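Hi,

Here is the structure we talked about. My notes follow below it.

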Amino acid sequence: VLNGSNVHRYTPKGFTVDVTGTVTDAGSNLASVRVDGQDATITTTSFSCRTSITPGDNVVVAKARDLAGNEAADAVSVHLDNVPPAVTIVSPTNGSTLSEIVNDPSKTGWFERPPMITARRGVALAVLDGKIYTFSGNGDSNSMLSCEVFDPVTNSWTALAQMPSGSYNFQAASAAGKIYLFEYSDSDILEYSPSSNTWIQRESMPSNRSGFSIVSANDKIYAIGGYNSGSHLSLCEEYDPTTDMWQPRSPMPTARRNAQVVTYEGMVYVIGGSTASGTTAAVEAYDPSTDSWSAKSAMPTARYEFLAAACQNAIYLFGDSSDRQKVEKYDIATDTWSTAPDMPRARVEYSVGTVGASMFVIGGTTTSFIRLGAVDEYLVGQWYQNITGTVSDDSAISDLRINGYPASLEGTTY
């Protein structure tokens, strides 16, 4: 009854086998044929069916039934090795090109991520190699020494080596594979190495001041603006981590302190802050390659109690003293401003960082001063990439994925 049995394809739940056979003396009286309880396809006196088997010994049973209810059965034994066929990628991906940015509304907006291990406010934040590092801050008794890293891919936090000294007022920036921490009212600098999970002291800033802003661009770090001896400063100083040396750069047109600074595609943007005459809406861009400044379209509202992050051709401003949830967007290409979806919760003294097409708002306190570990992700859009390649044996593959996304397979090409 059973013949032509062969292992066909590996599936996540086991293997399947194609079963074919014939039924003798059936004629018009044949009502059904079932293989391991599944209905078979019947053509005159021939039948076929695909059924599941598992590694090891299997017995596949076929049953034929006539119109009067009489049955005839037969079986075949199938043995399957416990180790499935080996499959190898025989060529690397080819034709890989970044094709476009897709802002799919169903994949754009605010999403909650796991909270920090230690709830705290005022953490120093830096992004390096697609991971978010948080340092110090004000929380429990040990929070000023706390260091944690968040991996958006694994969606998890990990505690790191504690800082050698703690402060509530650190700023952080990454450059040349390391992370550098600057105390807000001091000139000391700490260097953290993620590869060795260790700390060392580096060369202090040449100008002692408070209220300055830190940003990294092109593996250099810039300390901009600040306040000293009753004066708002226009200073711009560049630190090279590879030489551990500082040098002065062209001063900022608008002297200020407590400004927000971001970098995008090698350019540095200084936004808002406080001047000698009050809060400012001024936005100025610095080009390190030419050591020159240019004015940009001013913010809709002058302020300094806010945060900023750059993501996909735009700069986003989060919150201000009158509306803790508001978000505004600056389009870098068009030099124009618009609104963006509000943050899901009101908070103060939080931190923000960008990874890929997402910005992450982390920590802080509620408006009633309850410390938060909460992490909210704002997904702006996604990069889509076309990937093709080949495999050695398509018959052994049930599921092929590229970075977690299912790939289509035609023959040995995906």
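In which sense do strand S23 and strand S24 pair, and over how many bridges? They pair in the antiparallel sense, over 4 bridges. S23 covers residues 236-240 and S24 covers residues 245-248.

Some ground rules. This is a predicted model, where local features need pLDDT of at least 70, side-chain atom pairs count only at pLDDT 80 or more, and totals for chains, interfaces and linings use all residues. Residues are numbered from 1 along each chain as its sequence is written, and side-chain values use heavy atoms, with hydrogens and water left out. Strands are DSSP runs (E, at least two residues), numbered from the N terminus. Two strands pair if DSSP finds at least two bridges between them.

**Hairpins**

S23 and S24 form a hairpin with 4 residues between them. Asp240 stands opposite Met245 in S24. In the turn, Asp244 has a positive phi of about 60°.

S15 (residues 170-175) and S16 (residues 178-183) run antiparallel, joined by 6 bridges. Their hairpin has 2 residues between the strands, and Ala176 in the turn has a positive phi of about 55°. Ala175 has Lys178 as its bridge partner. S16 also runs antiparallel to S17 (residues 189-193), with 4 bridges. There, Tyr180 is partnered with Glu191.

**His232**

His232 lies in strand S22 (residues 231-232). His232 counts as buried because its relative accessibility is 18% (buried means under 20% relative accessible area, 1.4 Å probe, protein chains only). The backbone oxygen of Thr275 lies 3.4 Å from a polar atom of the His232 side chain.

Best wishes

How values were computed. Buried means under 20% relative accessible area, exposed over 50%, partly exposed in between (1.4 Å probe, protein chains only). A polar contact is a pair of N or O atoms within 3.5 Å; within protein, one must be able to donate a hydrogen and the other to accept it, and residues adjacent in sequence count only if both atoms are side-chain atoms.
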